[in-house]
Amino acid sequence: MHTVLVVLNAGCLVLLVVTVLVGRYKFQWSDAKLVMAALVIVGVSLGGSMLMSSLT
């Protein structure tokens, strides 16, 4: 189960980096929009981690 959490968090980290880079350079997002996207991804990561740990 620990492996699933590590993979989930690593996936969210990669998604976070890709979102920031693509948002900044491809879509020219403002800083506020980048921060909002980052907070959503971190929130999903934390929520998923808590859900997984509560299930085990």
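Partly exposed, as used here, covers residues with a relative accessible area between the buried limit of under 20% and the exposed limit of over 50%. Valine 17 has a relative accessible area of 45%, so this residue counts as partly exposed. Keep in mind throughout that the model is a predicted one.

**Overall build**

What does the secondary structure consist of? The protein has 2 helices and 0 strands. With a radius of gyration of 13 Å, well over the 10 Å that the globule rule gives for 56 residues, the protein is more spread out than a compact globule. Of the 56 residues, 21% count as buried. The exposed surface comes to about 4200 Å², and carbon and sulfur atoms supply 78% of that area.

Helix 1 takes in residues 2–25, and helix 2 runs over 31–55. A loop sits between the two helices.

**Along helix 1**

Back to valine 17, which belongs to helix 1. Is threonine 19 buried or exposed? At 19% relative accessibility, threonine 19 counts as buried, because the limit is under 20%. Leaving aside residues up to four places away in sequence, threonine 19 touches Trp29, Leu34, Ala37 and Ile41. Alanine 38 also has a C-alpha 7.8 Å from that of threonine 19, and the two residues are 19 apart in sequence.

Histidine 2 lies in helix 1 as well. With 60% relative accessibility, histidine 2 counts as exposed.

**C-alpha separations**

| Pair | Apart along the chain | C-alpha to C-alpha |
|---|---|---|
| Histidine 2 and serine 53 | 51 residues | 8.7 Å |
| Threonine 19 and alanine 38 | 19 residues | 7.8 Å |
| Phenylalanine 27 and glycine 47 | 20 residues | 27 Å |

Histidine 2 and serine 53 are 51 residues apart along the chain, and their C-alpha atoms are separated by 8.7 Å. For phenylalanine 27 and glycine 47, 20 residues apart, the separation is 27 Å.

**The loop and its surroundings**

Phenylalanine 27 sits in the loop between helix 1 and helix 2. Glutamine 28 has its place in that loop too. The side of accessibility is simple enough: glutamine 28 comes out at 60%, so it counts as exposed.

A pair of aromatic rings is described by two things, the distance of the centres and the angle of the planes. How many aromatic pairs are there? The count is 1. That pair is phenylalanine 27 with tryptophan 29, at 5.9 Å centre to centre and 20 degrees between the planes. Planes under 30 degrees apart count as stacked, so the 20 degrees found for phenylalanine 27 and tryptophan 29 put their pair in that class. Both partners are partly exposed: phenylalanine 27 has a relative accessible area of 47%, and tryptophan 29 has 24% relative accessibility. Tryptophan 29 has already turned up above, as one of the residues that threonine 19 touches.

**A charged pair**

Side chains of opposite charge can pair when their charged atoms come close. The count of salt bridges is 1. Which residues form the salt bridge? Arginine 24 and aspartate 31 do, and their closest N and O atoms are 2.4 Å apart. The cut-off is 4 Å, so the 2.4 Å between arginine 24 and aspartate 31 falls within it. Arginine 24 is partly exposed, with a relative accessible area of 32%.

Note on methods:
Residues numbered from 1 in each chain as written. Predicted model: local features only at pLDDT ≥ 70, side-chain atom pairs only at ≥ 80, totals over all residues. Heavy atoms only, no water. Phe/Tyr/Trp six-rings, centres within 6.5 Å; stacked < 30°, edge-to-face > 60°. Buried < 20%, exposed > 50% of the residue type's maximum accessible area, 1.4 Å probe, protein only. Helix = DSSP H or I, 4+ residues; strand = E, 2+ residues; numbered from the N terminus. Contact = heavy atoms within 4.5 Å. Rg over C-alpha atoms; globule rule 2.2 N^0.38 Å. Areas by Shrake-Rupley, 256 points an atom, 1.4 Å probe, with all protein chains shown as cover. Salt bridge = Lys/Arg side-chain N within 4 Å of Asp/Glu carboxyl O.
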